[in-house]
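Work through the exercises below with the structure in view. Try each task before you read its solution.

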Amino acid sequence: MEIIVFRLGHRLPRDERITTHVCLVARAFGANSVIYSGQKDHSLEKSVQGVVGSWGGKFSIAHENSPIERLEKLKKAGYSIIHLTVYGMPLPEKENAIRNAEKAVVVVGGEKVPTEVYHMADFNIAVGSQPHSEVAALAVTLDRIMGGQELERSFESNFRGNISLEPAEKGKKIKKK
Ligand code: SAM
């Protein structure tokens, strides 16, 4: 399944770290790319591209000035729109339906999410019934979509970066090309 993560409403300086973590989790847990809206952030893009340069894979990041229009275009292009929100339906009740999608956009909010997103979403999904974090919500959702493959040792073959790690019981085993 092709997965795009869509981060709405990036705010500077407030969201600098958390949007970076949204991107790192998206990449590490199987998404192909991230699109973010809100304030353009060159240093965010540089830092994510730096991780891809060192650790490998084809992950990309792009800014979008018109998120609603872009989400509508993605929906027309056949992507399932999965909006993560505490107000949504419990993830366990919808994860099979979500996994059947051929391609998906997983949307996380930052500042108040526009009502249109709730209406255009194919799935409004709650990851637990309490408000927490876009990073945690994304991580759990990607893990359910991927069926845990992203945690297996073999998943590393998707990256083949200049830097990679050998799992170690103790200490660190870092491999550099
Ligand atoms: N308006 C708040 C703010 O000022 O930052 C939004 C914060 S909330 C932590 C940001 C995002 O986290 C939400 O838009 C949603 O995507 C995600 N989120 C938080 N708790 C969630 C939950 N229980 N289930 C699904 N997504 C959740």
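This is a predicted model: local features need pLDDT of at least 70, side-chain atom pairs count only at pLDDT 80 or more; totals for chains, interfaces and linings use all residues.

## Exercise 1: A proline and its peptide bond

**Task.** Where does Pro13 lie, and is the peptide bond from Leu12 to Pro13 cis or trans?

**Solution.** 
Step 1. Locate the residue. Pro13 is in the loop between β1 (2–10) and α1.
Step 2. Check omega. For the bond from Leu12 to Pro13, omega is near -5°.
Step 3. Name the form. This peptide bond is cis.

## Exercise 2: A threonine in a helix

**Task.** Which residues does Thr19 touch, leaving out those up to four places away in sequence? Is Thr19 buried or exposed?

**Solution.** 
Step 1. Find the element. Thr19 sits in helix α1, residues 16–28.
Step 2. List the contacts. Thr19 touches Arg7, His10 and Leu44.
Step 3. Look at the side chains. Those of Thr19 and Arg7 are joined by a polar contact of 2.8 Å.
Step 4. Judge the accessibility. The relative accessible area of Thr19 is 0%. Buried means under 20%, so Thr19 is buried.

## Exercise 3: An aromatic pair

**Task.** How are the rings of Phe155 and Phe159 arranged?

**Solution.** 
Step 1. A pair of aromatic rings is described by the distance of the centres and the angle of the planes.
Step 2. Count the pairs. Rings pair if their centres lie within 6.5 Å. By this rule there is 1 aromatic pair.
Step 3. Read its values. The ring centres of Phe155 and Phe159 are 5.8 Å apart, with the planes at 70°. An angle over 60 degrees counts as edge-to-face, so this pair is edge-to-face.
Step 4. Phe155 is buried, at 11% relative accessible area. Phe159 is buried too, at 17%.

## Exercise 4: The ligand and its shell

**Task.** How many residues surround the ligand, and which element supplies the largest share of the shell?

**Solution.** 
Step 1. Count the shell. The ligand is surrounded by 19 residues. The closest are Arg11, Leu84, Gly110, Val127 and Gln130.
Step 2. Sort by element. β4 (80–90), β6 (123–126) and α6 (134–146) each give at least two shell residues. The largest share, 3 residues, is from β4.
Step 3. Sort by type. The shell holds 9 nonpolar, 7 polar and 3 charged residues.
Step 4. A polar backbone atom of Leu84 is 2.7 Å from a ligand oxygen. For Gly128, a polar backbone atom is 3.3 Å from a ligand nitrogen. For Glu134, a polar backbone atom is 3.2 Å from a ligand oxygen.
Step 5. Read the cover. On its own the ligand has 570 Å² of accessible area, and the protein covers 78% of this.

## Exercise 5: An alanine in α6

**Task.** Which residues are in contact with Ala137, leaving aside neighbours within four places in sequence?

**Solution.** 
Step 1. Ala137 lies in helix α6.
Step 2. List the contacts. They are Leu84, Val127 and His132.
Step 3. Check the accessibility. Ala137 counts as buried, at 9%.

Note on methods:
Residues are numbered from 1 along each chain as its sequence is written. Side-chain values use heavy atoms; hydrogens and water are left out. Helices (H or I, at least four residues) and strands (E, at least two) are DSSP runs, numbered from the N terminus. Buried means under 20% relative accessible area, exposed over 50%, partly exposed in between (1.4 Å probe, protein chains only). A polar contact is a pair of N or O atoms within 3.5 Å; within protein, one must be able to donate a hydrogen and the other to accept it, and residues adjacent in sequence count only if both atoms are side-chain atoms. Contact means heavy atoms within 4.5 Å. A residue is near a molecule or strand if one of its heavy atoms lies within 4 Å of it. Accessible areas come from the Shrake-Rupley method with a 1.4 Å probe; for residues, only the protein chains shown count as cover. Ala, Val, Leu, Ile, Met, Phe, Trp, Tyr, Cys and Pro count as nonpolar, Asp, Glu, Lys and Arg as charged, and the others, Gly among them, as polar. Rings of Phe, Tyr and Trp (its six-membered ring) pair if their centres lie within 6.5 Å; planes under 30 degrees apart count as stacked, over 60 as edge-to-face and the rest as tilted.
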